[in-house]
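Student: I would like to learn how to read a model of this kind. Please take me through it one feature at a time.

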Amino acid sequence: MSKAIKLKKGFNINLDGKPELKLDKSIKASTFAVKPADFQSLRPIPKLTVEVGDEVLAGDPLFFDKPNPDVLFTSPVSGEVAEIRRGAKRAIDSVIIIADGKNQFKDFGSANPKNLSREDVKAKLKESGCWAFIKQRPFNIVAEPDAVPRDIFISAFDTNPLAADTEFTLGAELKAFQAGIDALNQLTDGDVYVGVNGGIGGSSFDGLSNCTVNKFSGPHPAGNVGVQIHHVKPINKGEIVWTVSPYDLVTIGKLFLHGKYDTSRTIAIGGPSVAEPKYITTYSGAKVSALLDGNINEENVRVVSGSALVGDNIGIDGFLGSFHHQLTILDEGDFYEMLGWILPSYPRPSISPTIPPFTLTTKFPFIKKVDSFNANTNTHGEKRAFVVTGQYEAVTPMDIFPQQLLKAILSNDLDKMEGLGIYEVVEEDMALCEFVCTSKFNVQETLRKGLDLMREQG
Amino acid sequence: MRKASFLRKQIDKVKPYFNSNPILHTVFDGLETFLFQPNETTTSKTHIKDGMDLKRTMVHVVIAMALCAAHGTMNIGHQHYASMGMFPGLFDGLLYKLTYGIIQFLPIFTVVHLVGLGIEFLFAASKGHAIEEGFLVSGFLIPLIMPPDIPLWMVAVATAFAVIIAKEAFGGTGMNILNVALTARVFVFFAYPTAISGDEVWIAQDYNIIHQIIGLPQVAFEHFGINKMPDGGWATMMVDGYTGATPLALAAKGGWPAVTEYYSLNDMIMGFIPGSVGEMNKLLIIAGAAFLVFTGIGSWRIMLSMLVGAIVMGILLNVIGGAMGLDQTAFVNVPWYYQLIMGSFFFAMAYMATDPVTAAQTESGKYIYGFLIGVVGMIVRVLNPAYPEGWMLAILLLNVFAPLIDHVIVNRNIKRRLARVG
């Protein structure tokens, strides 16, 4: 039964530099990387299957996690393994591949997933590298190959600040999208649920079959799959559900349609410090300096793979994250602002009515409404103890007490964490709490600690 | 990167000299972050942050109280002169009234901050923390809820007690269980009851040393044609028909008719009556409350439910009074709407009950918390002969019970979650 769910709580952050719905095909990256750290739950030193200098095809394995040797992590492009970069304690930071530009794919053979058994579908996903795209809740880890999820959830839209518009980026990939759904359907005894944007007239994804389509409308985080799960069929203790991003679902679909591991994706490049916000097409793990070449109009910027709320600070020489479909370029806010706490000198996003979205101008009536913000990375205040209450609840459209949950995590109270619904949330669902927090509390970091602790304790 | 201003450069130059000593460093850091929002940037996965911080939150509460403080200051002077039959009109001798009021109020305000901030600075330095902003509000509240001529040493002791025992002992701002300002008041109330109850303390009558230095007593000398302080103090100069008793004290003795004998409804609403410094003018307090609600800083849930609680209990008391056949001179028979006007109900509702740290923290818990304060406060006020006003004790009592209210609300959420499993 399809539902239309209207969410009231939440907050949309409008940032400057929203990409125009125009695809720039001229931009190509030639260096790509797969970063083990992108995949939650992987051990820091996975087993490498390639050496520097090896030639690989798109879909050839690069490494695997030792406990699950058949779940392969594969190369997004064909080319040569240029470097295996190591981080602290010899952990593998990234495997870097220089593309040969020929785009040669390893052939996994096309098949209609409806005609395959569960084991066959699993085997295909695992050997091609697609398995790594399936995330398991609770904990947001790479799906356990032996588990059978209660249901599988996909959110077909993204409400993060400056997120890529999936109607634009994936609207033409419906066939692959459907094939992906068909494949996922073989993995669960339950349902595949797709959450589509109910805030727009009609979505390209309305007509999908072999799944339950629910419409969600409301401010961010309405597009977060975790919020959607909570409203459709919440995760209870002992239950497992899987989630897949719509981009990765298309990749899975293409595997079955064409037999290729094709991670090509259209991503959004936006943010206040981008000269020309736009969409480009590239492959998973592309080097961002090539994608951003000359497109930054400030010197002191932060390059974020992902959104301003849930992203990684990767630097200009970094690589697009495996689960990220947007780049956000922000001004660094490492400057002092005189009396900035009481007299903000420039407009900034806030849920507080004390910081109205207005700016002063020199022209009558000397005040102008601000529609989008040039937000920077300044914390706008120092860390404090919890004082203000009700803020987190105002931006969390779930039947959860975020502040009490965080306090339970801080006091290592496992029973309470479980009781207060830690299984139902991952970092992105509480990212807005971190944004709004008056006391500048590290919400996502703390939540991850709690999730890791729960996982360790089994 | 923005260019550093001249002032910023000077601060950066002197900054290293303050790092040698923890107390110096804490004080410097406090002033520096007051002058400049720090250049800290985000380090986690959330790269942008709301412009709101604790300093801004606290300062908005202070702004909401500023007019109450201004009115209170003027009223100290007005009561002082009017009680002696001088300048009976509100705007007569305004300058004298203001001067007298400021010189009466400012020492209290200064002592509170010297003691309170001093202790905060010491604790912050010893813990190696930054100074938390909680005292911005507590320090503003304490002078407003004291009688106008309370001895300064009592203010100092009460403030020290409140900050050390009610707050720092629990871990500082955000950790306290009891409202800090009310703890200061309740300390005076139980330790020095004569200084904060009865009919004599609510009008400032004496001239302190600063008054004498600037020659203010001269105005009264001339008025009465005397040249030294009257024997028995200035209180003996109080004119007939004037009382230092608050409306509540009168109502406790003789019901609403006793109140109206001395005060008009208008006086009570506009706050030109004896009492604690800042809790007088109901219109300004309601304006402050509206400001807090509009800015989202004060919880409308607590304010509304406390109002409802007080009204419900007020009506109930009226009904009981009627059923017992008591006449209009009984306290229980003071109509519930007048109960709201007398005393410090609105002040307690706007600024005391809404303290987010000591109130219930869950949104639905706030309704229960506020409602119970309204009910308990009215009971203490009307049915207890020992205490003339109820809100201080009601709020402190509910401060203690707020975690229990939250516990119930949070546990219901846990049970809902368990029930899903079936």
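Student: Which are the buried residues of α15(B)?

Tutor: A residue is buried if 20 or more other C-beta atoms, placed from the backbone, lie within 10 Å of its own, exposed if 12 or fewer, and partly exposed in between. Helices (H or I, at least four residues) and strands (E, at least two) are DSSP runs, numbered from the N terminus. Here they are B:F345, B:F346, B:F347, B:A348, B:M349, B:A350, B:Y351 and B:M352. Helix α15 (residues 345-352) of chain B is thus mostly covered, with 8 of 8 residues buried.

Student: What kind of model is this, and how are its parts numbered?

Tutor: It is a predicted model, in which local features need pLDDT of at least 70 and side-chain atom pairs count only at pLDDT 80 or more, while totals for chains, interfaces and linings use all residues. Residues are numbered from 1 along each chain as its sequence is written, with chains lettered from A and ligands numbered from 1 in the order in which they are written.

Student: What is the mean pLDDT of chain B?

Tutor: pLDDT is the predictor's confidence in each residue, from 0 to 100. For chain B the mean is 90, and 99% of its residues reach 70 or more. The model scores ipTM 0.92 and pTM 0.92.

Student: How many residues of chain B are in contact with chain A?

Tutor: Two residues are in contact if their C-beta atoms, placed from the backbone, lie within 7 Å. By that rule 50 residues of chain B touch 66 residues of chain A. On the chain B side, the elements giving two or more residues are α2 (22-35), β1 (36-37), α3 (54-83) and α17 (391-421).

Student: Which strand of chain A is joined to β1(B)?

Tutor: Two strands pair if DSSP finds at least two bridges between them. Strand β21 (residues 337-338) of chain A has 2 bridges to β1(B), and the strands run antiparallel. The bridge partner of A:M338 in β1(B) is B:F36.

Student: Which residues have the most contacts inside the largest nonpolar core?

Tutor: A nonpolar core is a set of buried Ala, Val, Leu, Ile, Met, Phe, Trp, Tyr and Cys residues joined through C-beta atoms within 7 Å. The largest has 225 residues, and B:A251, B:Y369 and B:I395 have the most contacts inside it. Leaving aside neighbours within four places in sequence, B:A251 is in contact with B:W256, B:A258, B:V259, B:F331, B:V334 and B:M342.
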